[in-house]
Amino acid sequence: MISVIIPLYNTGRYIGECLDSILAQSYGDYECIVVDDGSTDDGGRIADSFALRDSRFKIYHTENLGVSAARNLGLEKARGEFVVFVDSDDTVEKNHLSSLAGNCKDGIDLIVAGVRKFRVGDTIDIFKPKDSGEILISERFIDEYAENMGLFHGPVAKLFRASIISHNHIRFNEALNIGEDLCFNLDYLASAGKIRLIEDVDYNYRAMDSSLSNRASYPFEGLYHAWSYHKAFLVSKGMWRQKAADRLYGQLGGYLYDALFTAESRSVFQNCLSLLSDEELNGCLSHFNYPRWFNFFISSRLPGLAWKAIKISRKRYGGIR
């Protein structure tokens, strides 16, 4: 049996469509666990109506503790051999569960599938494995992992073995506001054996208007924590090689750029830089296309001059150029 875990918070306008897509699954051996994380809209009531229609739907109402706590409660309540996560504003195609379950053979511990990103019915992008096949997380398979690294950042469009989660006490870190998905996946990968990548794209991810760059305070510290966790995992597995380093330092360079672009004061700017070691800072500068003047100021660790130059660039160009 598959336990489908859905955290719900104020997505009443979408949860009906989400649960309808679960109800329509061609694979019938599942339970659907919805954890209503203190919603103030009608999402909880809508979820309750599905439980009245079908005994496979189980709804739990809690105070608002965050998405990680909701997912963790779902894991505690799950009775299935496998676990699948779905977000309450997304939908899945009718063969989503059958595709995941059908590929979980021959000692496979994790199935990773593709994701369709959409907005109001229109496809924006499709993300799927570069090549389908099996991966054994070790230094021998770093190229395959590096090519598909982005697919390991979130918990959706995957099939996990419940026994690995329970035996290793793997949970979402409720103290993190960002990057907790990646950390959960890395904890799982640390105990997993074979992974199978499949090209099926049966998960529909709804693109929302909000973004990291639009937040009042860019969460660089949280992103850096998740990034460091990822690097430590790769080092522990002997996978911190050139291709992986190129990908991760390019990612960290983008985080730093966005953080400095949105920094509201010199102190915020300096705090971002203070988190990075010299090696990490050099990695950012080598793998992200910053302007030459920016490279000079940052590599010299001259935050005062860099902050003045950034303010001038913002005033003239609306950003860092």
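**Entry 1. Basis.** I number residues from 1 along each chain as its sequence is written, and my side-chain values use heavy atoms, with hydrogens and water left out. As the model is predicted, local features need pLDDT of at least 70 and side-chain atom pairs count only at pLDDT 80 or more, while totals for chains, interfaces and linings use all residues.

**Entry 2. Helices α8 and α9.** I looked up how helix α8 (residues 220-236) packs with helix α9 (residues 242-262), and found an angle of about 170° with the axes 10 Å apart. Helices here are DSSP runs (H or I, at least four residues) and strands likewise (E, at least two), numbered from the N terminus. Axes are lines fitted to C-alpha atoms, for helices over the stretch in contact, and angles run from 0 to 180 degrees between N-to-C directions. The two helices, α8 and α9, are therefore roughly antiparallel, a term for angles over 145 degrees.

I then listed the contact (heavy atoms within 4.5 Å). On the α8 side I noted residues including Phe220, Tyr224, Trp227 and Lys231, and on the α9 side residues including Leu248, Tyr249, Gln251 and Tyr255. The residues of this contact comprise 12 nonpolar, two polar and one charged. Ala, Val, Leu, Ile, Met, Phe, Trp, Tyr, Cys and Pro count as nonpolar, Asp, Glu, Lys and Arg as charged, and the others, Gly among them, as polar.

**Entry 3. Aromatic pairs.** I found 14 aromatic pairs in the structure. Rings of Phe, Tyr and Trp (its six-membered ring) pair if their centres lie within 6.5 Å; planes under 30 degrees apart count as stacked, over 60 as edge-to-face and the rest as tilted. The pair of Tyr224 and Trp227 is stacked, because the ring centres are 6.3 Å apart and the planes stand at 15°. Both residues, Tyr224 and Trp227, lie in α8, three residues apart, about one turn of the helix. Trp227 also forms a tilted pair with Tyr249, at 5.4 Å centre to centre and 45° between the planes. This pair links distant parts of the chain, since Trp227 is in α8 and Tyr249 in α9, 22 residues apart.

I checked burial next (buried means under 20% relative accessible area, exposed over 50%, partly exposed in between; 1.4 Å probe, protein chains only). Trp227 counts as buried because its relative accessibility is 1%, and Tyr249 is buried at 5%.

**Entry 4. Helix α3.** I found eight of the 11 residues of α3 (residues 67-77) buried, among them Arg71 and Leu73.

Terms used: Parallel < 35°, antiparallel > 145°, perpendicular 65-115°, else oblique.
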